[in-house]
Amino acid sequence: MENDSAIVALGALAQSTRLDVFRLLVRHEPDGMAAGDIARQLDVPQNTMSAHLGILARAGLVHSERHSRSIIYRADLDGLRALTLFLVKDCCAGNAELCAPLVAELTPCC
């Protein structure tokens, strides 16, 4: 991941509704959620939610697929992984033991 991609992803998550959407989609992996269900659960108008989902998609944090009349959105865990690795890539100047607590905390969820 390059700096520009990381900035776009972090910028997308730097807005409270989009952060809520992303966290909601992570909780609903691997099934994802319909756009309308996301909007209802977060009490956001559907047209506004569509704009937020578009920003998250362009940032590489969510992806969608059409299922008949619904569009199902899922968190892009590869995008999250790439962003996380970008942020900690040079962690602790190569001293792996200093990063062990971070790795241990991330391991149970993955």
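How far apart do the end C-alpha atoms of residues 1-95 lie, and how much of that span is helix and how much is strand? The ends sit 22 Å apart, and the span comes out at 59% helix and 15% strand. Keep in mind that this is a predicted model. Residues 1-95 are also the stretch that UniProt lists, in an unreviewed entry, as "domain: HTH arsR-type".

**The chain as a whole**

- The protein chain has six helices and three strands, and from the N terminus on they run α-α-β-α-α-β-β-α-α.
- Taken along the principal axes, the C-alpha atoms fill a box of roughly 50 × 30 × 25 Å.
- Of the 110 residues in the protein chain, 29% are buried.
- If you look at contacts with a separation of 6 or more, 54% of them join residues 24 or more positions apart.

**Where α2 meets α4**

- Two packed helices are described by the angle between their axes and the distance between the axes.
- For helix α2 (residues 16-27) and helix α4 (residues 46-58), that angle is about 75 degrees and the axes are 10 Å apart.
- Angles of 65 to 115 degrees count as roughly perpendicular, so α2 and α4 are roughly perpendicular to each other.
- On the α2 side, the residues in the contact are Thr17, Arg18, Val21, Phe22 and Leu25, and they meet Met49, His52, Leu53, Ile55 and Leu56 of α4.
- Sorted by class, this contact of α2 with α4 has seven nonpolar residues, two polar ones and one charged one.

**Thr17, a closer look**

- Thr17 is part of helix α2.
- Thr17 counts as buried because its relative accessibility is 18%, and the cut-off for buried is under 20%.
- Setting aside neighbours within four places in sequence, Thr17 touches Val44, Met49 and His52.

**The nonpolar core**

- The largest nonpolar core is made up of 21 residues.
- Val21, Leu25, Ile38, Met49, Leu53, Leu56 and Leu61 are the ones with the most contacts inside this core.
- At least two core residues come from each of α1 (3-13), α2, α3 (35-42), α4 and β3 (70-75).
- Take Leu53 as an example: not counting residues up to four places away in sequence, Leu53 is in contact with Val21, Leu25, Ala35, Ile38, Val62 and Tyr73.

Key: Residues are numbered from 1 along each chain as its sequence is written. This is a predicted model: local features need pLDDT of at least 70, side-chain atom pairs count only at pLDDT 80 or more; totals for chains, interfaces and linings use all residues. Side-chain values use heavy atoms; hydrogens and water are left out. Axes are lines fitted to C-alpha atoms, for helices over the stretch in contact, and angles run from 0 to 180 degrees between N-to-C directions. Helices (H or I, at least four residues) and strands (E, at least two) are DSSP runs, numbered from the N terminus. Angles under 35 degrees count as roughly parallel, over 145 as roughly antiparallel, 65 to 115 as roughly perpendicular and the rest as oblique. Contact means heavy atoms within 4.5 Å. Ala, Val, Leu, Ile, Met, Phe, Trp, Tyr, Cys and Pro count as nonpolar, Asp, Glu, Lys and Arg as charged, and the others, Gly among them, as polar. A nonpolar core is a set of buried Ala, Val, Leu, Ile, Met, Phe, Trp, Tyr and Cys residues joined through side-chain atoms within 4.5 Å. Buried means under 20% relative accessible area, exposed over 50%, partly exposed in between (1.4 Å probe, protein chains only). UniProt positions are given in the numbering used here, feature names are shortened, and annotations may be inferred rather than shown by experiment.
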